[in-house]
Amino acid sequence: MPFALAALLLLKTDLLDHAWIFVLEALFLISFAIGLRLVKRFFAPIDLIRSGAELLSEGDFGSRLASAGPSELDELVTLYNRMFDRLQDERLQLEEQHFLLEKVLRASPWGVVMLDLEGRITSINPAGEELLGRASELVGKIPSMLDAPFGAALGELTTATSTSASLVVTLLGSRRIKIQRSEFFDRGFSRAFFVLEELTEELRRSERAAYEKLIRMMSHEVNNSVAAVGSLLESCLVYREQIRSDDRADYEQALKVAIGRTAQLGSFMRSLAEVVKVPPPRLAPIAVNALVADAVFLVKPDAAKLGIEISLETDPGLGTVSMDRSQIEQVLVNILRNAMEAVEGAGTITIRTSARERGSLVVANSGPMIPETVKEQLFTPFFTTKPNGQGLGLTLVQEVLTNHHFRFALESEAGQPTRFTIRF
């Protein structure tokens, strides 16, 4: 009995020891779980910041951080998500503005040439391409390397001290292009760009308004005087029989000279009025080659007297063009007579027609190069290099061709024929 009791006591003690072990193990697991949770809670802000930093570095402003549970972390998550929302809105706004700017530049009638920080061309909009040429061939070049007249003008503006300097250049004799230099800031650095604005039509309208007013005023005063003076002079001729026979011839000659000069003055004023009163073209399909042949036929006798040879090279593929026959014939005769005067003696005039690019006509002469100072004023009303010229021939040509919406250019370079080109 004592032995059995001792054994029972030993068994009970052993069971108690094992129970304590289980209790300790359970306590250990609980403490481990609590510690793990505390560690995760401690590192959660760091993980949250790391996740936000990764999204920022990747530029992913569309993703959002999920709620982490504790209120403190929720506040941080809310702050991050608000920042992402703002960055996303700003990115969308910048993209929309950039897209709008591209659309505006492509649709703009003004040419825009952008430069990089080193002063080289980075981009040209379509209007700039139309003036300067293909952008793919110009990108990467320094502006001063472009062909004349743009190269010299852009080079001068590039070195200008003013950030808004401008120049007006003459292009192919009749077109006027204003070039203005401006600057903008890109990532804190100043970059330059050029704006090219076509002033041809604006200047033409301004010049036309000025000379129309002048001609109307002159015509009113001169015509009234010419009519009265002419009538009086004609009346004076009636009295020639009353003049002494020794003075009669001089008297009659003087009156006839005065009448002739008065008639010439009236004719001069009518030619001025023709420039102002050019009627709108009456359009009809006209065979260009036949029209050119007729114009050549009209001036060929005078050219032969001067020793000038006229050659005509027509393209059979060029058919009809909608135009006013009488007005364009007058233009062609005017251009041919100017070419004859430019040859200054024996020489050649070559007329070529082409069906390419919707049709064109070129009148080339072997005369000397037109000086640069003269080129800029060729289409200016009343400008002439002829001793007795009126300076209205090319003005009339410009008026008629502009009314027809035909592009034209007068080009003259050293060692090359002077060419007047009309593109239909």
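The chat below walks through a predicted model of a single chain, from its overall make-up to a few individual residues.

Q: What's in the chain, in terms of helices and strands?
A: The chain has 11 helices and 12 strands, and of its 424 residues 34% count as buried.

Q: And of the contacts between residues at least 6 apart, how many join residues at least 24 apart?
A: For contacts between residues at least 6 apart in sequence, 57% join residues at least 24 apart.

Q: Which residues have the most contacts inside the largest nonpolar core?
A: That core has 41 residues, and those with the most contacts inside it are Met 323, Ile 349, Ile 351, Leu 401, Phe 420 and Ile 422. Helix H9, residues 325-343, supplies the largest share of this core, with 9 residues. Apart from this core lies another one of 19 residues, which includes Leu 115, Leu 138, Ala 165 and Ile 177.

Q: You mentioned H9; how does it sit against H8?
A: The axes of helix H8, residues 288-305, and H9 come within 9 Å and cross at roughly 35°, and the crossing in which H8 passes H9 is right-handed. On the H8 side the contact involves residues including Leu 291, Val 292, Ala 295, Leu 298 and Val 299, while on the H9 side the residues include Ile 328, Leu 332, Val 333, Leu 336 and Met 340.

Q: And how do H9 and H11 pack?
A: H9 and H11 pack at an angle of about 145°, with their axes 10 Å apart, and H9 passes H11 in a left-handed crossing. From H9, Gln 327, Ile 328, Gln 330, Val 331, Asn 334, Ile 335 and Asn 338 meet Gly 393, Leu 394, Leu 396, Val 397, Val 400 and Leu 401 of H11.

Q: Why is H11 described as largely enclosed by the rest of the structure?
A: Because 9 of the 11 residues of H11 are buried, the helix is largely enclosed by the rest of the structure. The buried residues of H11 include Thr 395, Gln 398, Glu 399 and Thr 402 as well as Leu 394, Leu 396, Val 397, Val 400 and Leu 401.

Q: What follows H11?
A: His 405 follows H11, and its phi is positive, near 60°.

Q: Changing topic, how many aromatic pairs are there?
A: The structure holds 3 aromatic pairs. One of them joins Phe 184 and Phe 193 in a tilted arrangement, with 6.0 Å centre to centre and 55° between the planes. Phe 184 is partly exposed, at a relative accessible area of 25%, whereas Phe 193 counts as buried at 18%. Phe 406 and Phe 424 form another aromatic pair, which is edge-to-face, with 5.1 Å centre to centre and 80° between the planes.

Q: Where do Phe 406 and Phe 424 sit in the chain?
A: Phe 406 lies in the loop between helix H11 and strand E11, and Phe 424 lies in the segment after E12, so the pair links distant parts of the chain, 18 residues apart.

Q: Are those two buried or exposed?
A: Phe 406 and Phe 424 are both buried.

Q: Which strand holds Thr 418, and what does its side chain contact?
A: Thr 418 is in strand E12, residues 418-423, and its side chain makes a polar contact of 3.1 Å with the side chain of Ser 412.

Q: Why does Thr 418 count as buried?
A: Thr 418 counts as buried because its relative accessible area is 6%, and buried means under 20%. Apart from residues up to four places away in sequence, Thr 418 touches residues including Val 363, Pro 368, Ile 370 and Leu 410.

Q: What about Leu 410 itself?
A: Leu 410 is found in strand E11 and is buried, with a relative accessible area of 12%. Leu 410 and Val 363 are 47 residues apart in sequence and 9.5 Å apart in space, taken C-alpha to C-alpha.

Q: Last one: is Gly 415 buried or exposed?
A: Gly 415, in the loop between E11 and E12, counts as exposed at 81% relative accessibility. Gly 415 and Met 369 are 7.7 Å apart in space, C-alpha to C-alpha, and 46 residues apart in sequence.

Conventions:
Residues are numbered from 1 along each chain as its sequence is written. This is a predicted model: local features need pLDDT of at least 70, side-chain atom pairs count only at pLDDT 80 or more; totals for chains, interfaces and linings use all residues. Side-chain values use heavy atoms; hydrogens and water are left out. A nonpolar core is a set of buried Ala, Val, Leu, Ile, Met, Phe, Trp, Tyr and Cys residues joined through side-chain atoms within 4.5 Å. Buried means under 20% relative accessible area, exposed over 50%, partly exposed in between (1.4 Å probe, protein chains only). Helices (H or I, at least four residues) and strands (E, at least two) are DSSP runs, numbered from the N terminus. A polar contact is a pair of N or O atoms within 3.5 Å; within protein, one must be able to donate a hydrogen and the other to accept it, and residues adjacent in sequence count only if both atoms are side-chain atoms. Contact means heavy atoms within 4.5 Å. Rings of Phe, Tyr and Trp (its six-membered ring) pair if their centres lie within 6.5 Å; planes under 30 degrees apart count as stacked, over 60 as edge-to-face and the rest as tilted. Axes are lines fitted to C-alpha atoms, for helices over the stretch in contact, and angles run from 0 to 180 degrees between N-to-C directions. A crossing is left-handed if the near helix is turned anticlockwise from the far one by less than a right angle, and right-handed if clockwise.
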